Amino acid sequence: MYKYVCHPTRLTVDYKGCRDFLRLILEKAQSIPTVENVCTVKLINSICSVVGYILDRNACLLPSYFAVNEITKFLSDGKPPHWKLGELLSNFVQTFRPAAHMVTVSGRTQLLPVVGLCSVGHAAAGNNFWKLNPNTLRFQLSGPLPYDKELTEAQTGLLRYVLEQPYSREMVCSMLGLNKQMKQRCSVLEEQLVELVVLAMERSEQEMGEEDSANQWLWQHLSSQLIFFVLFAIASFPHMVLALYERLKGRNLRRGRDHLMWVLLQFISGSIQKNPVASSTHKMAVTCIWIHLCRKAQSEKVKLLRPMPHALQGHDEFLKQIVNVKNLPMIDYKIALLCNAYSTNTDYFALPMGLLVESIYGNGQKTTLLPGNITAAMPTQPLPMSMLDSLTVHTKMRVMRQAQAKSNVALAPALVETYSRLLVYMEIESLGIKGFISQLLPTVFKSNAWGILHTLLEMFSYRLHHTQPHYRVQLLSQLHTLASVQPTNQTQLHLCVESTALKLIMGLGSWEVQPQLSRVFTEPKSLSLLSSSETLSSSWCKDILTTIMQHTPHGWSSHTLACFPTALADFFTQNPIPKDDKQALKRNVETEYRKWKSMASENDLISHFSTSQNPPLFLCVLVLERLGPRALAAHLRIFADYLVYEFSASPPPKVTKCLEALNDLIWKCNVVPIDRLILCLALRSFQSAEVQVCYFIISQLLLKRSAEFKNRVHDFVKENSPEHWLQSNWHEKHMAFHRKYPEKFFYEDMTTQSQHQYLPVYFGNVCIRFLPVFDLVIHRFLELPAAHKTVEQLLDHLGMLYKFHAIKCVSSPPFPNCDWRFNEFPNPSAHALHATCIELMALPVSSQAVGNALIDIVLKGASQIPREKIISWMNCIGMVLTALPDGYWQVLNDRVIEVLQSPALCQPASDSNPFHMFNFMTTHQVVGELPCSYVLAMCHALWQHASIGQISVLPQIFLKLYLQLTVELYEMLETVDKFNSHLRFMDPISDFLSVSYHIKYMFVGDGVKTEVEKVICKLSTPLQVRLRFISHHSKEEAASS
């Protein structure tokens, strides 16, 4: 072996042969004992000489990146090399530290995401910044480089931070690459779940008795997380119980033990029937667990190893005493105890479950009324959230199955409200919101059960405040299908569908809807929203916009286009829709009016104005029911255009009469609801003076001409609370409002009795239905500076309605511990980020000024920030900037240019080291940081939180940029080489190009082959030798040079 490795002639092989030869030498050398006879020293020295020659940078027998790769793999088994080789190999690997720093994100271990805002887009874009190895919890780093130690350690803090945030389980699965359907156990995830439970136990010891503390919500969240990960076999329940025992034994943590037993009961009560008793070993939760275990052991004829603990015997006797009591009141906790203890015992479970079901279904003997004089089952008070929270998951699922039974009359208000409350529990997602969207809604639609469909849409609109984005997008697609096949006489249902869709669209953030853009070509009918990113190139979005315009031709006002990203504004400017001639419109309307006046027969009127061939120029109340929703929408658009034209050309007295007639159409004749008319006016693409007239009509309808709407808003806000989940008398207040302000969806002659069939309304009214329209109106008004005063007036008179908005911008205290199941945001961090962005955008200064001020917090005010917190501040600022429109964060580009033009970089000192200057973490630790390192770290923090809209342009232009950048990089290297006889940092630069070798072929291939080879031929000999493996020159040519 020694003779073989010492032959220098073997070093003339190609670089792949040298790589294999190096691997063989390292493997053989590892077998040499560390204590050797003196006669072998010469041979060992020869080995070191050969290895040193192979690794010699000047000889460059193989790409250095290949060599460090072989050395890293050789050392990865944990066995150290021979002591004579150790220093040689270590020194060579350390020469790659500058290359490792060049491909490392500054402070990566301290950059943390916000669940619900940062993760979805990244996952959809294939970004692996938050990805962790599911076995080691280490970052997925690029290549075997000598990264800083903190980057190669297990990132338990990152995973635990994400796990602790509500609604984080999808992001956890994405981070660890876990597939729910594969049922792959992840032990590191189990460990962190156990650590969070122990943390909750420790926090419970510090509680001061506040029932609504943050730790209470943490226990609730952990219960949901445990059920999800154990249900999909990602975590092993027995292993977690054993780990908890090891972590808690010997520790006197008493105040949280009831919570712990409750968490364990959630899983045991539902899974014990499916698992053998051997795998399954609140004050009453532990007793309930024991009862389930005894029941399972009895059914399997297995004897437990110990009798019931003495501390549980009193609890058990109490449960046996009340198990047959038939008149337990609903406000009593005994019903929940019986359900939890005996959910697997059908003999004892039937009674308490029957009491629960009867409380929300009724006994079928009493009824109540809904708006529109619709008869419904009697119970009106839903199960309180305190009761539902006290039930195990197994019991909740049983209640939910009962809630899907059939009924001859409209569903009871108590049932509808209780069912909507059950939908917020993520631990029963498959039967809850997932079944609601994927199974229940399509089934109801196919059955033409319009009343139940209307009820389900009301639930989603007014009771489900936080739903995962993919469910909302799925519902939008279903609503699109539903809108095209609705029955013609169901104006009420169409209004509900339209209102639900608008609420969904207005509530979707760009980070939520951008992943759906890729579906527009395969599902052209699916509703797609465009990113707000200014960086979108027109070529990127042209096909998407063209597809949308083919299905829904539309245009935008010039002042609205001025607020659009450049690419979108250019497209709509270049592709305008045909504009109607307003004078021709007026003449056509007058012609139709004369036809109506000339027809004496009602049948002739109906026949003429209800035909689909007739243009939507004249809306006859006699044919409203025959038109259908789509035709009525076309009439409404034309009507909005006609209104604006008529108001523009009319004197003040006539305008007053027109407004009075318009109010009568809305409030007396019920021809069109006010929210639908306002929405249509706000979305029309009026220009110049027409816009002012349109906004005048809107303000008159809402504020000045009639008090109808203002009175409804004031009374509704005064009598109702937005925290509906805490109410038990919502139905009574709901009915009182509708009795005072009855809402009709059909034209009804006052002299005859109504013959129309109304659909049940459990939650909605014109006030809360108007909220998404109100959002849109404010958007439109803010786009026109002249209308800002009107916005203030609208908010002064109607702003109190925003108490009922799903997204609440302010609260007191700012971000309290609350039930996030009934909040639009998934967690406090997401709420804080949204509110911060609202405050920043409301500042009366330019976006550039705000962006620069935020960046200056760390670039100029770093001395005021604790040094150990500086990356956390950069992380926060990066999240805020990327959540704002592009104008706020693009100022960072100017800072980059300033740094590149600074004297420190343009005229560096002779002994300066750029790898030291740009290494933020190293220089920061010794208080030696420079502006360039701060700007680089800030750039890293910002781009790690960038949304798909902000980074999606990169894949489209990356190839072109990389081709150009690659050539320019070599040209710059040629220029520097030409004017300097001695080059510093040749090896780090070559290493970086060597590391980029794989990127070159992944993205560029041979696209720059000719240009690069021309440059390499002009370089000095040392550079040619180092870069000969990147070029396609022969090795003999490089050796001769």
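This is a predicted model: local features need pLDDT of at least 70, side-chain atom pairs count only at pLDDT 80 or more; totals for chains, interfaces and linings use all residues.
- H39 is largely enclosed by the rest of the structure, because 10 of its 12 residues are buried.
- Those buried residues are Leu771, Pro772, Val773, Phe774, Asp775, Leu776, Val777, Ile778, Arg780 and Phe781.
- Their cover includes helices H25 (491–507), H28 (558–561), H34 (674–683), H35 (688–704), H38 (766–769) and H40 (788–798).

**Helices H3 and H5**
- Helix H3 (residues 41–55) packs on helix H5 (residues 83–94) at an angle of about 10°, and their axes are 10 Å apart.
- Since angles under 35 degrees count as roughly parallel, H3 is therefore roughly parallel to H5.
- On the H3 side the contact is made by Ile44, Asn45, Cys48, Val51, Gly52 and Leu55, which meet Lys84, Leu85, Leu88, Leu89 and Phe92 in H5.
- Sorted by class, this contact of H3 with H5 holds eight nonpolar, two polar and one charged residues.

**Helices H15 and H16**
- Here the angle is about 75°: helix H15 (residues 285–299) packs with helix H16 (residues 310–322), with 10 Å between their axes.
- That angle makes H15 roughly perpendicular to H16.
- Val286, Thr287, Trp290 and Ile291 of H15 meet Leu312, His315, Asp316 and Leu319 of H16.
- The contact of H15 with H16 consists of five nonpolar residues, two polar and one charged.

**The buried side of helix H9**
- In helix H9 (residues 156–164), the buried residues are Leu158, Leu159, Val162 and Leu163.
- These residues lie on the same side of H9, because they cover an arc of only 130° around the axis.
- They pack against helix H10 (169–176), helix H11 (187–205) and helix H12 (214–231).

**Pro379 in its loop**
- You will find Pro379 in the loop that runs between strand E2 (374–377) and helix H19 (385–389).
- Its relative accessibility is 12%, so Pro379 counts as buried, the cut-off being under 20%.
- Beyond its neighbours within four places in sequence, Pro379 is in contact with Glu358, Ser359, Ile360, Tyr361, Gly362, Ala412, Pro413 and Ala414.
- One of these partners, Pro413, is 34 residues apart from Pro379 along the chain, with 6.5 Å separating the two C-alpha atoms.

Notes. Residues are numbered from 1 along each chain as its sequence is written. Side-chain values use heavy atoms; hydrogens and water are left out. Buried means under 20% relative accessible area, exposed over 50%, partly exposed in between (1.4 Å probe, protein chains only). Helices (H or I, at least four residues) and strands (E, at least two) are DSSP runs, numbered from the N terminus. Contact means heavy atoms within 4.5 Å. Axes are lines fitted to C-alpha atoms, for helices over the stretch in contact, and angles run from 0 to 180 degrees between N-to-C directions. Angles under 35 degrees count as roughly parallel, over 145 as roughly antiparallel, 65 to 115 as roughly perpendicular and the rest as oblique. Ala, Val, Leu, Ile, Met, Phe, Trp, Tyr, Cys and Pro count as nonpolar, Asp, Glu, Lys and Arg as charged, and the others, Gly among them, as polar. The arc is that of the directions from the helix axis to the C-beta atoms.
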